[in-house]
Amino acid sequence: MADKRYDLIVIGAGPGGYSAAIRAAQLGFSVACIDKRASLGGTCLNVGCIPSKALLESSERYVEARDRLAEHGVAVDGVSLDLTAMLARKDKVVEDLTKGVAFLFRKNGIEAIVGRARIAGPGRVAVRPADGGVQARTLECDRILIATGSETAALDGLEIDEERILSSTGALSLSAVPDRMVVVGGGYIGLEMGSVWSRLGARVTVVEYLDTILPTMDGEVARQMARALARQGMTFRTGTRVAEARRHGGGLRIAVEPAAGDGDAETIDCDVVLVAVGRRPFTEGLGLEEAGVRRDARGFIAVDTRFETDAKGIFAIGDAIPGPMLAHKAEEEGIAAVELMAGQAGHVNYDAIPGVVYTEPEAASVGRTEEALREQGQRVRVGRFPFSANARARSRAEVDGFVKVLADAETDAVLGAHIVGPEAGTMIAELALAIEFGASSEDIARTCHAHPTLNEAIKEAALAVEGREIHI
Ligand code: FAD
Ligand code: NAD
């Protein structure tokens with residue numbers, strides 16, 4: 001027996017689901033949002049974007065106080081680490097922000113329901129207690145939006161116990177700084193969490209299967225990042241695979257071998273291993289097959305351009321569907337999906353979704369990489385500008401990195417932009433806006449940028465597309 005009928009039930013209260021719920025409520029829908037976690041915000045707020053950024057910020061300040069303030073003439077003696085306080089601050093940031101989502105739900109009249117949801121038929125969702133109880137209640141609705149996100153991808157031979165063999169979740173809460181850490185996977189999580197523990201004193205070795213770290217980013221960005229992070233003390237073993245991990249003494253012995261060919265195996269001893277080889281969509285227990293919701297070969301839910309699945313009235317967004325697994329992508333899709341449900345013109349421009357690695361320096365990217373453009377036979381002109389020639393970067397003593405703008409050789413439209421450097425993640429917004437508005441490199445070059453700012457490096461890179469940069 002159903003207890004109430006809603007216009008929309010959202011399954012999952014991550015950035016995709018909670019943003020969709022809020023937008024739907026704004027559009028006049030009656031909305032319930034179900035999550036098995038009591039604290040709202042999904043992976044992103046609870047165990048993803050937010051706690052990792054809190055630790056990145058804190059660990060960066062620790063290194064700054066210890067090693068870099070002296071350059072500014074600020075003498076700081078006796079800098080020491082209080083890891084307990086650092087972790088407690090991270091937890092408080094998470095708590096405040098998840099409570100913030102609960103406040104937004106109340107403000108918008110959205111019913112937050114804690115429990116495991118399963119699609120029980122067209123317009124019917126069964127909810128069981130999150131603790132595994134069997135007593136279910138059934139809710140009825142006109143439409144269902146699946147926003148169940150993703151989970152850590154497993155690696156054979158490295159079973160996660162969150163003590164010695166960690167996922168990102170375990171790596172956010174280590175109670176002591178490990179002496180030696182092996183990170184498997186040189187992507188977003190590997191570099192961000194590897195940076196945190198490296199800054200706090202761990203000797204970090206990143207084992208990457210492919211020939212480069214950050215393989216989805218522009219090649220120049222990946223190379224510059226590898227150099228910068230190696231200078232900070234991280235060790236990179238690219239073109240290498242983990243064959244086995246065994247308990248050894250109080251720690252672990254990791255056997256690694258060349259990813260290609262039959263080279264010799266070696267061992268690396270460490271205290272903890274972080275498995276960061278990607279994430280996969282989480283759709284377990286949703287009853288998708290019975291509901292007629294099709295998944296692709298990689299387990300992502302297949303949707304049409306309106307985010308509707310093969311089953312009428314069931315929609316899906318975020319990490320559970322194909323595309324970059326990013327919080328802002330999930331949010332854009334959630335909002336577009338409900339606007340389309342309401343008869344409005346929601347859209348997501350997949351060519352203008354920025355990606356940011358929040359290390360120091362940061363790496364940020366929007367649009368296509370130079371490699372992808374050349375592979376697609378696109379004729380491009382490239383403008384580059386180094387932060388070493390930017391006055392503000394020099395004032396900050398943060399000169400590592402560059403801005404790179406890729407423009408169509410015929411139309412001059414900006415097709416891609418890549419930044420390594422201070423505040424790259426904030427600055428990339430200018431270039432995302434440029435792509436969104438169909439700007440040319442000339443448009444950016446002719447836009448007045450305040451002096452002295454880091455963003456002047458973007459203007460200079462745009463000028464450099466035609467070889468007319470001023471400060472180099
Ligand atoms: P999620 O945020 O995964 O939310 C899904 C929710 O659904 C979860 O709360 C889950 O409990 C719930 N759920 C699942 N199944 C059910 C069910 N049957 N019943 C009820 N509830 C259910 N992205 C960025 O853009 N920037 C970053 O800086 C960033 N940092 C990250 C750092 C880490 C360590 C990790 C792991 C990820 C990071 N990400 C980052 C990725 C980002 O977290 C995800 O892309 C984003 O959370 C996806 O949002 P979503 O709404 O699709 O799903
Ligand atoms: P990732 O896809 O970013 O990186 C995984 C890396 O592991 C790749 O470089 C891949 O080549 C490598 N790899 C795969 N199999 C391997 C193996 N067997 N041995 C060694 N290396 C292997 O994935 P991630 O770092 O786990 O993060 C998952 C996702 O979460 C990211 O793709 C991203 O979408 C999201 N995320 C985003 C941010 C951010 O926006 N700042 C931060 C963290 C996570």
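Predicted model: local features only at pLDDT ≥ 70, side-chain atom pairs only at ≥ 80, totals over all residues.
Residues are numbered from 1 along each chain as its sequence is written, chains are lettered from A and ligands numbered from 1 in the order in which they are written, and side-chain values use heavy atoms, with hydrogens and water left out.

**Exercise 1.** Describe the shell around ligand 1.

*Solution.* 
- Step 1. There are 39 residues around ligand 1, and Asp35, Thr43, Lys53, Ala117 and Ala327 come nearest; a residue is near if one of its heavy atoms lies within 4 Å of the molecule.
- Step 2. For polar contacts (pairs of N or O atoms within 3.5 Å), an oxygen atom of ligand 1 lies 2.9 Å from a polar backbone atom of glycine 16, and a nitrogen atom lies 3.2 Å from one of lysine 36.
- Step 3. Ligand 1 taken alone exposes 990 Å², of which the protein buries 95% (Shrake-Rupley method, 1.4 Å probe).

**Exercise 2.** Which strands stand at the edges of the open sheet of 5 strands?

*Solution.* 
- Step 1. The order is E18-E19-E22-E21-E20, with antiparallel pairing. Strands are DSSP runs of E, at least two residues long, and two of them pair if DSSP finds at least two bridges between them.
- Step 2. Strands E18 (355-357) and E20 (380-386) are at the edges: each has a single partner strand, so one side of each lacks a neighbour in the sheet.
- Step 3. E20 pairs with E21 (residues 402-408) over 7 bridges, and proline 386 has phenylalanine 402 in E21 as its bridge partner.

Technical notes: Polar contact = N/O pair within 3.5 Å; in protein donor to acceptor, adjacent residues only side chain to side chain. Helix = DSSP H or I, 4+ residues; strand = E, 2+ residues; numbered from the N terminus.
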